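Please look over the sequence and the structure before reading on.

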Amino acid sequence: MDLRIFTEPQQGATYDTLLTVAKATEDLGCFSAFFRSDHYLHMGDVSGLPGPTDAWITLAGLARETRRIRLGTLMTAGTFRLPGVLAIQVAQVDQMSGGRVEFGLGAGWFEAEHTAYGIPFPREKFGRLEEQLAVITGMWETPPGETFDFDGTYYRLKDSPALPKPAQYRIPVLVGGHGARRTPALTARFASEFNMPFGSLEETRTQFGRVREAMREAGRDPGELVYSNALVVCVGKDDAEVARRAAAIGREVGELRQNGLAGTPAEVVERIGQWQEVGSQRIYLQVLDLSDLDHLELIASAVAPQLG
């Protein structure tokens, strides 16, 4: 099982905090990547201070400060950026990292953050997402010296030089979500990884099945896709430490055990095995208390070695 660290900086984190967590992620050796969300407004009963950080500016900085771990987003909000500009940004960060970027793109959903920062919130988001993926991947795949054209409903490009190119031949593209029809189809068309965010075991089993079927219908081998989950994590040496960490993030232990990966290392290893049984190959561990580096160290020393 591949473990990755996934952060939610809109809940309150400076760039320096994210850098510290990213370096710990790299130094501990067992985590393959550092990912972050792409939001401009906090959620729930937190202040969000000192305020939001931009996902791709953050990743550009981390690209120069890390050497091994992969870097990416769950998920970049499609409503925040024009696809041609986003293709440039992601390709540049990939160059800055030496080819370690992975690109998750979603439709965008949190209307309040759009209102708060003056960002248009279109009614038809999924059609835009499909065109954005077509534009971005099309630009990256256009051979140097050739131009890229696109004539869509929402976006039109003419004689684009489609530059710069990423360092990687093909940046891994992540698509995810609970949608029963359009999401699996979009995955089969564009993605190298499908991510199921915060779903139950049964929901995950069902959605993975839909994605595999969509892959077959598109003429792709379902086995060429990576299947992953994003789950909140709360591990403690004993029940008291689990309860302390749950309280620090404003959650109940019982709810975390039901909906995420919570408990002692042995309990969490067993729980991860259940996700593996339904087809998950990679888990993004949603770490909500970014000041608690001992939490990452416990996962690295007592959970990861038991996963093989």
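The points below treat the cysteines and then the pockets. The structure is a predicted model. A search of the whole structure finds zero disulfides, and the largest pocket holds about 1,100 Å³ of space.

**Cysteines**

- A disulfide is a covalent bond between the sulfur atoms of two cysteines.
- The closest cysteine sulfur to that of Cys30 belongs to Cys234 and lies 17 Å away, so the two are too far apart for a bond.
- Cys234 is accordingly in no disulfide.
- Cys30 is partly exposed, with a relative accessible area of 26%, whereas Cys234 counts as buried at 1% relative accessibility.

**The largest pocket**

- The largest pocket has a volume of about 1,100 Å³.
- Its lining comprises 44 residues, and those closest to the centre are Glu8, His39, Trp109, Phe198 and Gln286.
- Elements that give two or more residues to this lining include strand 5 (101-106), helix 5 (126-141), helix 6 (182-190) and strand 12 (282-287).
- By class, the lining of the largest pocket has 23 nonpolar, 15 polar and six charged residues.

**The second largest pocket**

- The second largest pocket contains about 260 Å³ of space.
- Among its 15 lining residues, Thr137, Glu141, Arg170, Val173 and Phe190 lie nearest the centre.
- Helix 5 and helix 6 are the elements that each give two or more residues to this lining, and helix 5 gives the most, with three residues.
- The lining of the second largest pocket divides into eight nonpolar, three polar and four charged residues.

Key: Residues numbered from 1 in each chain as written. Predicted model: local features only at pLDDT ≥ 70, side-chain atom pairs only at ≥ 80, totals over all residues. Heavy atoms only, no water. Disulfide = S-S within 2.5 Å. Buried < 20%, exposed > 50% of the residue type's maximum accessible area, 1.4 Å probe, protein only. 1 Å grid on protein atoms, 1.4 Å probe; cavity = no way out; pocket = protein on both sides within 12 Å on 5 of 7 lines; lining within 4 Å. Points joined across faces, edges and corners; volume = space filled by probe spheres on them. Helix = DSSP H or I, 4+ residues; strand = E, 2+ residues; numbered from the N terminus. Nonpolar A, V, L, I, M, F, W, Y, C, P; charged D, E, K, R; others polar.
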